[in-house]
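Visitor: I have a chain on the screen and would like to learn how to read its features one by one. Could you take me through them slowly?

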Amino acid sequence: MQTVYAMHQQQATDINQQEKFLFKSIEDILDLYLIIIAAFGEIRDLEEDFLTKSSQKILKSKAEENPNRKFVDNPILKELSDNEDLNSLLAKRKINWSLNESYLKIVIEAIKSSFLYEKYMNTPAKGFEEDKQFIVDLFCEIIAPNDKFNEHLEDLNISWIDDIPIVNTLISKQLSGFKKEQKFKFKVPAIYKDLDDKDFAKQLFRKVILNEEKLAHEFSDKTPNWDTDRIAELDSIILKMAIAELLHFPSIPVKVTINEYVEIAKEYATPKSSIFINGILDKLSKEYLVKNKNLKIGRGLL
């Protein structure tokens with residue numbers, strides 16, 4: 001949707017160039033994911049370094065001489081800090097926080113001043129599940145919502161504003177899924193579930209761009225009170241994409257298509273767009289069923 005909208009705004013005509021932009025935007029999400037994941041190990045290493053330097057002071061307190069290492073010894077943090085495959089990928093993609101440690105120090109300060117951290121550090125060790133839940137809560141309650149942390153991510157790539165919540169949800173689920181009995185080992189997920197996912201993005205993009213007039217014609221008579229050119233541009237793009245799915249992607253259930261695009265309209269378009277789009281798609285889907293235009297295959301696809 002954003003790529004189609006960008007093409008309209010730029011009045012671009014080179015579909016191959018815009019397609020490359022689309023896939024680069026998708027693949028850049030991996031860098032966002034890795035930057036956030038790398039923060040865990042970097043935070044742990046910074047705190048380890050702090051404890052080491054504190055213990056080497058000539059004049060030091062008892063707490064500095066015998067520091068509480070529960071945080072730096074957390075097994076999830078140690079895995080994210082020491083995982084060879086992850087570190088190799090970070091090095092390959094040149095991802096690190098070395099020039100931006102100030103943001104992580106802000107996060108560390110927020111962590112160490114939180115009740116969550118205080119409770120964890122002062123509670124006798126209970127085991128792996130407690131350590132894991134602490135990291136999950138730490139991420140969801142302190143790291144992910146941190147304004148400075150998110151400002152830095154947005155400064156790196158403005159298009160990540162929409163991707164951050166998706167990546168955060170993935171990371172939260174991934175952290176929650178660690179199981180000690182499986183000798184948990186961190187694995188970086190693939191960008192696409194399979195090649196069909198990538199092909200879907202390409203085909204949907206091309207079918208919308210190459211058939212915009214035909215797709216617009218599909219809903220032109222469903223808006224008697226509006227000239228087609230008076231429909232908000234984003235609403236028009238959302239409708240074209242949804243209609244392309246209804247007509248050209250037989251394996252996607254009609255209800256799934258309608259629900260997905262109504263949700264997109266709620267997120268990105270005007271307050272009334274979702275109702276407007278839902279109404280048109282509902283009319284079209286019923287019309288297509290009568291005319292046998294959306295030939296869906298498989299069970300439960302209507």
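Visitor: What radius of gyration does the chain have, and what would a compact globule of 302 residues have?

Guide: The radius of gyration is taken over C-alpha atoms, and the globule rule is 2.2 Å times the number of residues to the power 0.38. A compact globule of 302 residues would come near 19 Å, but this chain has 25 Å, and its C-alpha trace spans about 80 × 40 × 35 Å along the principal axes. Please keep in mind that this is a predicted model, in which local features need pLDDT of at least 70 and side-chain atom pairs count only at pLDDT 80 or more, while totals for chains, interfaces and linings use all residues. Residues are numbered from 1 along each chain as its sequence is written, and side-chain values use heavy atoms, with hydrogens and water left out.

Visitor: How many helices and strands are there in the chain?

Guide: Helices (H or I, at least four residues) and strands (E, at least two) are DSSP runs, numbered from the N terminus. Here the chain has 15 helices and zero strands.

Visitor: Is S54 buried or exposed?

Guide: Buried means under 20% relative accessible area, exposed over 50%, and partly exposed in between, with a 1.4 Å probe and protein chains only. S54, which is found in helix α2 (residues 15-55), has a relative accessible area of 6% and is therefore buried. If we leave aside its neighbours within four places in sequence, S54 is in contact (heavy atoms within 4.5 Å) with K60 and E64.

Visitor: How is a pair of aromatic rings described?

Guide: Such a pair is described by the distance of the centres and the angle of the planes. Rings of Phe, Tyr and Trp (its six-membered ring) pair if their centres lie within 6.5 Å; planes under 30 degrees apart count as stacked, over 60 as edge-to-face and the rest as tilted. This structure holds six aromatic pairs. One of them joins Y120 and F134, whose ring centres are 3.8 Å apart with planes at 5°, so this pair is stacked. Y120 lies in helix α7 (residues 115-122) and F134 in helix α8 (residues 128-143), 14 residues apart, and both residues are buried.

Visitor: Which pair is edge-to-face?

Guide: F200 and F249 have ring centres 5.2 Å apart and planes at 75°, so they form an edge-to-face pair. F200 is partly exposed, with a relative accessible area of 28%, whereas F249 counts as buried at 11%.
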